Amino acid sequence: MSSFRWNRGGDFRARKWDTDLPTDSAIIMHVFCTYLDSRLPPHPKYPDGKTFTSQHFIQTPDKPDITNENLFCVYQSSVNPPHYELIYQRHVYSLPKGRNNMFHTLLMFLYIIKTKESGMLGRVNLGLSGVNVLWIFGD
C-alpha cells in the first residue's frame, strides 16, 4: 500500500504502466469484491459465484437503474481516472474525486450497512457474528 497510486499502477518487469492496465484502485476494488463474493452464499441467479459483484458493483459503461429503490451498489462511473459513487435507495452519493475516493466510497458502503441495514448485507451479517468487517467502526 505504500506505493499505492490511485489513478495508475506501478511498473512491472521494465514495463511502464499504461492505460490498458488496471489502476491500483481497480485492483483493490476487485480484491474487495472477490472477498465478499467468497463470503456471501451462492445465489441461483448468479451461477458464476459472483454474488456480491453481480448485485452490488456496477462498472461503466453499464448504468445503474436509479429508479430501483432496492438498488444498493458501488458504481464505478469513470475508469481513467477512477471514480466511484455509492447508490442507495434511489440516491447517488458522489464522494470527492481523487486519491481517497475509492476508500471513502467503500467506507460509506460499509457504514450504511452498519447503520441502516442492521449490519446485514442480504442474509449475511457483516458484523461480529458474521464476516466481521464492520469492526472498523467501533460501537
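Student: Where is Pro61 found?

Tutor: Happy to start there, and please keep in mind that this is a predicted model. Pro61 is joined to Thr60 by a cis peptide bond, with omega near 20°. Most peptide bonds are trans. As for its place, Pro61 sits in the loop between strand S1 (57–59) and strand S2 (72–78).

Student: Which residue does a cis peptide bond join to Asn80?

Tutor: Look at the loop between S2 and strand S3 (83–88). A proline is found in that loop, and the bond that joins this proline to Asn80 is cis, with omega about -5°. The residue is Pro81.

Student: Which residue's backbone oxygen does the side chain of Ser25 reach?

Tutor: Ser25 touches Phe4, Arg5, Trp6, Pro82, Tyr84 and Met102, not counting residues up to four places away in sequence. The C-alpha atoms of Ser25 and Arg5 are separated by 7.5 Å, although the two are 20 residues apart along the chain. The backbone oxygen in question lies 2.9 Å from the side chain of Ser25, and it belongs to Trp6.

Student: Is Ala14 buried or exposed?

Tutor: Ala14 lies in the segment before H1. Its phi is near 65°, a positive value in a residue other than glycine. Its relative accessibility is 84%, and exposed means over 50%, so Ala14 counts as exposed.

Student: Which element gives the largest share of the lining of the largest pocket?

Tutor: The largest pocket holds about 440 Å³ of space and is lined by 23 residues, with Gln55, His56, Asn70, Leu121 and Gly122 nearest its centre. The elements that give two or more residues to this lining are helix H2 (51–56) and strand S5 (120–121). The largest share, four residues, comes from H2.

Conventions
Residues numbered from 1 in each chain as written. Predicted model: local features only at pLDDT ≥ 70, side-chain atom pairs only at ≥ 80, totals over all residues. Heavy atoms only, no water. 1 Å grid on protein atoms, 1.4 Å probe; cavity = no way out; pocket = protein on both sides within 12 Å on 5 of 7 lines; lining within 4 Å. Points joined across faces, edges and corners; volume = space filled by probe spheres on them. Contact = heavy atoms within 4.5 Å. Polar contact = N/O pair within 3.5 Å; in protein donor to acceptor, adjacent residues only side chain to side chain. Buried < 20%, exposed > 50% of the residue type's maximum accessible area, 1.4 Å probe, protein only.
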